[in-house]
Amino acid sequence: MTSVFTLGLVLLAGTAQAQTADSLVLFRNVHVVDVALGDVLPDRSVLVRGPTIVRVTEGDIAVPEGATVVDGAGGYLVPGLYDMHVHTFESDELFLYLANGITTIRNLHGVAAHLRWADSVSSGAWAGPRMLTAGPIIDGDPPTRRTNHLVHTAAEARDTVRAHFEAGYQFIKIYDNVPADLYPVIIEAAAEVGLPVIGHLPTPVGIDGFVAMPGQHEIEHAEELFPYFNFRDTTGLGGFGRVLAERGVWLTPTIAVMSSAAAQAERGMAMLDSEEARYVSAEVMEMFRWRQTIDERATNPGAVRGFGRMTELARLITAVLHRAGVRLLLGTDAAVVALVPGFSVHEELAQLELTGLTRAEVLRVATINAAEYLNEADRAGAIRPGYRADLFLVAGNPLDDLAALERPRAVMAQGRLVLRAEMDRRLAAIAEGDR
């Protein structure tokens with residue numbers, strides 16, 4: 001195990017098939033899910049060389065010399081998913097994402113170790129999803145969390161943004177208590193170095209200040225809008241959505257945070273008895289106060305109804321903004337309470353469908369939308385020749401049932417292949433504490 005507690009590095013040996021830039025992998029007898037079309041391309045062969053898809057052909061093809069063959073047995077090949085809002089503290093968590101078909105993650109509270117982890121995956125030393133990361137969260141005084149980075153003056157705000165850029169972080173994340181007078185300073189400083197500003201809608205800024213000062217690229221969590229819109233009065237939500245759409249501001253709803261809280265209130269400590277919970281270390285559970293929070297919610301008589309209503313409001317806000325033209329991203333906020341890294345993506349997918357999105361639209365949010373947001377839609381987010389070999393194989397058609405995305409038979413991230421047997425072996429080792 002490698003954690004940000006120790007800031008060490010470890011090689012995840014044997015978790016993926018060793019491959020080179022010229023290695024060939026042939027997926028045969030598969031149906032390709034075309035997320036752009038919202039349809040299935042039946043009976044395809046997909047050839048991968050190194051990290052790149054080089055051929056997608058109808059029917060069977062001759063096996064190239066030296067190629068590894070994966071017989072899909074009529075399964076469905078899906079573009080790799082993006083989880084655009086995670087908090088990762090241990091390197092084992094990277095494999096949990098990979099084992100759920102997630103081939104890109106974006107970490108939203110970064111430290112120097114995360115940059116090294118990203119390099120280890122990129123170099124091929126580790127098997128895991130490609131990792132993008134923001135730097136330490138920027139906050140005002142008092143900080144919402146003690147680990148957030150405080151800024152008190154314009155000079156501190158500019159210096160912090162510059163330091164994040166020079167360190168190699170790819171996003172500037174702001175939080176609840178950023179002062180109204182420093183909010184535009186952060187946005188302007190980030191624009192100067194070319195880093196997107198994402199994060200919460202700071203309380204001192206408010207919705208009026210947000211509208212008055214363009215420049216934040218994305219809002220994390222539909223719940224950020226709870227103070228401004230509710231079931232009794234959604235007047236103006238559509239108009240606000242049109243402002244966001246016109247400015248190109250994206251939303252990562254993270255509805256699973258609310259739906260999980262409702263489940264915790266209803267099921268209590270049984271939430272910790274799931275198969276997936278075994279993969280979360282005691283250190284991470286303690287950091288996020290899993291047991292204490294679940295107990296508090298389960299012993300609160302109104303919590304089931306309260307969190308249920310919050311879940312419904314998050315879905316409503318997401319639906320209205322989507323109809324207004326706001327682009328959506330998929331994010332889970334794992335590993336907050338009871339959201340297991342990787343596995344919680346299936347709850348967020350289900351919640352997005354409950355907003356009224358079609359299954360094809362949900363898959364686009366989880367793939368093509370993220371690729372477009374990251375300016376890589378010409379080389380990622382779909383299974384096409386010339387695209388990055390990020391994909392996974394499942395037994396059923398996710399356009400019929402999104403639950404088909406669970407338990408992939410094989411996952412490929414940047415051309416590195418991991419088969420089901422290896423996933424099961426590695427997951428068992430993580431659950432047993434062999435980290």
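Visitor: How do the residues lining the second largest pocket divide into nonpolar, polar and charged?
Guide: This is a predicted model, to begin with. The lining of that second largest pocket has 15 nonpolar, 6 polar and 11 charged residues.

Visitor: What volume does the second largest pocket have?
Guide: About 710 Å³. It is lined by 32 residues. Nearest its centre lie Glu276, Phe343, Ser344, His346 and Glu406.

Visitor: Which element gives the most to that lining?
Guide: H11, with 5 residues. Helix H11 spans 345-354. H7 and helix H14 (420-431) also give two or more residues each.

Visitor: And the largest pocket, what's its volume?
Guide: About 1100 Å³. Of its 37 lining residues, His87, Arg145, Tyr175, Phe288 and Val336 are the closest to the centre.

Visitor: Which helices supply at least two residues there?
Guide: Helix H7 (256-267) and helix H9 (290-298). The largest share comes from H7, at 3 residues. By type, the lining of the largest pocket has 16 nonpolar, 12 polar and 9 charged residues.

Visitor: Switching topic. Which residues of helix H4 are buried?
Guide: Tyr183, Val185, Ile186, Ile187, Ala189, Ala190 and Val193, in a helix that runs over residues 183-193.

Visitor: What do those buried residues pack against?
Guide: Two helices are among the partners: H3 (154-167) and H5 (206-212). The strands include E8 (138-139), E10 (172-174) and E11 (197-199). Just after H4, Gly194 takes a positive phi of about 80°.

Visitor: Now aromatics. How many pairs does the structure hold?
Guide: There are 6 aromatic pairs. One of them joins Trp117 and Trp126, tilted, at 6.2 Å centre to centre with 45° between the planes.

Visitor: Are those two Trp residues buried or exposed?
Guide: Buried. Trp117 has a relative accessible area of 0%, and Trp126 has 2%.

Visitor: What about Phe210 and Phe240, how are they arranged?
Guide: Tilted again, 6.2 Å centre to centre and 55° between the planes. Phe210 is in helix H5 and Phe240 in helix H6 (residues 237-247), so the pair ties together parts that are 30 residues apart in sequence. Phe210 is buried at 2% relative accessible area, and Phe240 is buried at 5%.

Visitor: Which residues make up the ring cluster?
Guide: Phe210, Phe229 and Phe240, linked by ring pairs.

Visitor: Last one. Which Arg lies over the face of Phe231?
Guide: Arg309, at 4.1 Å from the ring centre. Arg106 lies over the face of Phe171, at 4.9 Å from the ring centre.

Key:
Residues numbered from 1 in each chain as written. Predicted model: local features only at pLDDT ≥ 70, side-chain atom pairs only at ≥ 80, totals over all residues. Heavy atoms only, no water. 1 Å grid on protein atoms, 1.4 Å probe; cavity = no way out; pocket = protein on both sides within 12 Å on 5 of 7 lines; lining within 4 Å. Points joined across faces, edges and corners; volume = space filled by probe spheres on them. Helix = DSSP H or I, 4+ residues; strand = E, 2+ residues; numbered from the N terminus. Nonpolar A, V, L, I, M, F, W, Y, C, P; charged D, E, K, R; others polar. Buried < 20%, exposed > 50% of the residue type's maximum accessible area, 1.4 Å probe, protein only. Contact = heavy atoms within 4.5 Å. Phe/Tyr/Trp six-rings, centres within 6.5 Å; stacked < 30°, edge-to-face > 60°. Lys NZ or Arg CZ within 6 Å of the ring centre and 35° of its normal.
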